[in-house]
Amino acid sequence: MQQQRNTVLIMLVLFTVFMFFTWSGDKNAAIQAKNQPEVTIQAPKTDNVVKVSTDLYDLEIGLDNGDILKADLKDQKQEIDSAENFHLLRISGNFKYFASSNLVSAKQEDQNIDPTQQTSAQFRYMNVKYSSEKSSYVMSKPQDLDGRDIQEYCSVYRASRNPDQKTTNKDSINPPSDNSSLVVTLTGTTSDGISVNKIFAFERCSHEIRVSFEVSNLSQPLRIAQISSLEQSVNDPDLNSGMFGTSAYRGMAYSTSDTKYQKESFTDIGELKQPENVHSSKGGWISMIQHYFVAAWIGAENTSNTIFSYGKDGEETAVVGIRSQDIAINPGEKATLSNILWMGPKDIHEMKKVSPHLELTVDYGWLSFLSIWLYYALEFIHQVFPNWGVAIIILTILVRSLMYPLTKKQYVSMAKMRILTPKMNELKELYKDDRQKLSMAMMELYQKEKVNPLGGCLPILIQMPIFIALYWTFMESTELRHSAFCLWIQDLSAYDPYFVLPILMGVTMLLIQKMSPTTITDPMQKKIMMLMPIIFTGLFCTFPAGLTLYWLVSNIFTIAQQFVIFRALEKKGLSMKNPVK
């Protein structure tokens, strides 16, 4: 009988395929980054800036074009137990990542072209050098902070607001009514005599920044549009990825009225010489995503927008953006154009209120339909037991309990197959020269004894997708970042620094292997089976501690299940202890 061997081999093959695809992506990216030639990256100047400090951001806005050149997130730390805020947008050395928003106007010869048929080549940038009344702006601190960190405070603050209220992208700016808002206004004039106010509006505990242009036309008739873009170096020298695929997707993602969610790698974007992959959409958004964080430009919902991407700097820089529908402004008239810039952690609940499908940037991969429900279950448990490690343990027990009937069927099937082993050996000897008759005889035997030969494999096939879905749930859930469990496990999103959990997981895996019956007699197969706990221990040394904790608890649950199931089977005369001769 080879049921036990087949079951384990199926598990190993599925796991290996999963690891290969996740690891190969990181390997190819690393090789590509290593082989890239040195190219001088063209970046905006960072010396003439206005500094803005809110409850969630420390920003630097350049006065040349009003680009956001630096964005530090105050509610997220760069490293665990560090006072340094997380650097989302930055320009340093040969790396750049910044957010830009500009006005473009149709060229004189293209004024009469149907706006829906106009291309980027038929627009010119209205470069504006701005000035500001102050060199720095600061949002007042909440009076009821009461010593709490800003992340905890904002969680309570958002919950106190209307949770079902959806943010809308309006074309007007409401002045702050209290100290919970901050508006930064930059003023400038183009060479054509067009007066421009660029306005950045911030709200308390919100990762949305409304970026608007108030335009006064003191010149000739023109058509203008707003282009908002994100520009980032394809290769990030500070990016650390795990050895076995423990880094998440980094690239572009967008959503249109026709496409709910679509991704594209920075490498592919970098190869585009001109704005391509152009998509028209009512509303829509475009983003750059990375592990745990996202920056996205969100177009006005009531207008038709154009989403685009292209590369520059010799394929070293990826640019993605969204252009609003252009509008006509006659001399003496005024107009307002507005987009929303989202910058922050991948918070599903907060992003759902901003724009349709923006929460899909929490990229759970091809099993997202399963991962999202596991996330909601984990979040619900955490509300009752406010420790993410404890929540993982309880979720593991619940998942394994739901799968108990399948596990029991697996062992019953294996026990019955063991009893049939002598009869199967007789059939193999009887029909050793006729494989077709042997197969027919085997099927008759299975039907007569009511045994499913695949019964031992089915639970494994079901468990592996759950394992993979949990892998991405733990990888993508920002809540686990820098979240402590107990003792030495201070970050469930990182690997165990002392490898205690992986070693314990390997020990429990070895115990399960010793407890489980086997009929494998081939010495080589036995050695492979004995090496599996060691191999898996090595793999889990690179996995997030939250995932390793899940697997460890799952193994302990399996050991307990085996005691219960084996005793029940022995009472029915289906012994699992001694191999059948």
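Val507 is located in helix α11, which spans residues 500–515. In this predicted model, Val507 is partly exposed because its relative accessibility is 43%.

The aromatic side chains form 12 pairs. In one of them, the ring centres of Tyr471 and Trp472 are 5.0 Å apart and the planes meet at 90°, so this pair is edge-to-face. Tyr471 is buried, with 0% relative accessible area, and Trp472 is likewise classed as buried, at 14%. The pair formed by Tyr495 and Phe499 is stacked, because the ring planes lie at 5°, with the centres 6.0 Å apart.

Side chains of opposite charge can pair when their charged atoms come close. The model contains 10 salt bridges. One of these joins Arg204 and Asp55, with an N to O distance of 3.9 Å. The two residues are 149 positions apart and connect distant parts of the chain: Arg204 occupies the loop between β9 (194–203) and β10 (208–217), whereas Asp55 occupies the loop between β1 (49–53) and β2 (57–62). Arg204 is buried, at 7% relative accessible area, and Asp55 is buried at 10%.

A salt bridge is also present between Arg90 and Asp236, whose closest N and O atoms are separated by 2.9 Å. Arg90 is part of strand β4 (residues 85–92) and Asp236 of the loop between β11 (222–233) and β12 (251–255), so the contact ties together parts that are 146 residues apart in sequence. The relative accessible area is 17% for Arg90, which is therefore buried, and 18% for Asp236, which is also buried. In a further salt bridge, the closest N and O atoms of Glu231 and Lys96 lie 2.6 Å apart. Because Glu231 is in strand β11 and Lys96 in strand β5 (residues 95–106), this pair ties together parts 135 residues apart in sequence. Both Glu231 and Lys96 are buried. Salt bridges additionally link Glu60, Lys70 and Asp72 in a network.

Thr303 lies in the loop between β16 (293–298) and β17 (304–312). The side chain of Thr303 makes a polar contact of 3.4 Å with that of Asn305. Beyond four places away in sequence, Thr303 touches Ser281, Lys282, Gly283 and Gln325.

How values were computed: Residues are numbered from 1 along each chain as its sequence is written. This is a predicted model: local features need pLDDT of at least 70, side-chain atom pairs count only at pLDDT 80 or more; totals for chains, interfaces and linings use all residues. Side-chain values use heavy atoms; hydrogens and water are left out. Helices (H or I, at least four residues) and strands (E, at least two) are DSSP runs, numbered from the N terminus. A polar contact is a pair of N or O atoms within 3.5 Å; within protein, one must be able to donate a hydrogen and the other to accept it, and residues adjacent in sequence count only if both atoms are side-chain atoms. Contact means heavy atoms within 4.5 Å. Buried means under 20% relative accessible area, exposed over 50%, partly exposed in between (1.4 Å probe, protein chains only). Rings of Phe, Tyr and Trp (its six-membered ring) pair if their centres lie within 6.5 Å; planes under 30 degrees apart count as stacked, over 60 as edge-to-face and the rest as tilted. A salt bridge is a side-chain nitrogen of Lys or Arg within 4 Å of a carboxyl oxygen of Asp or Glu.
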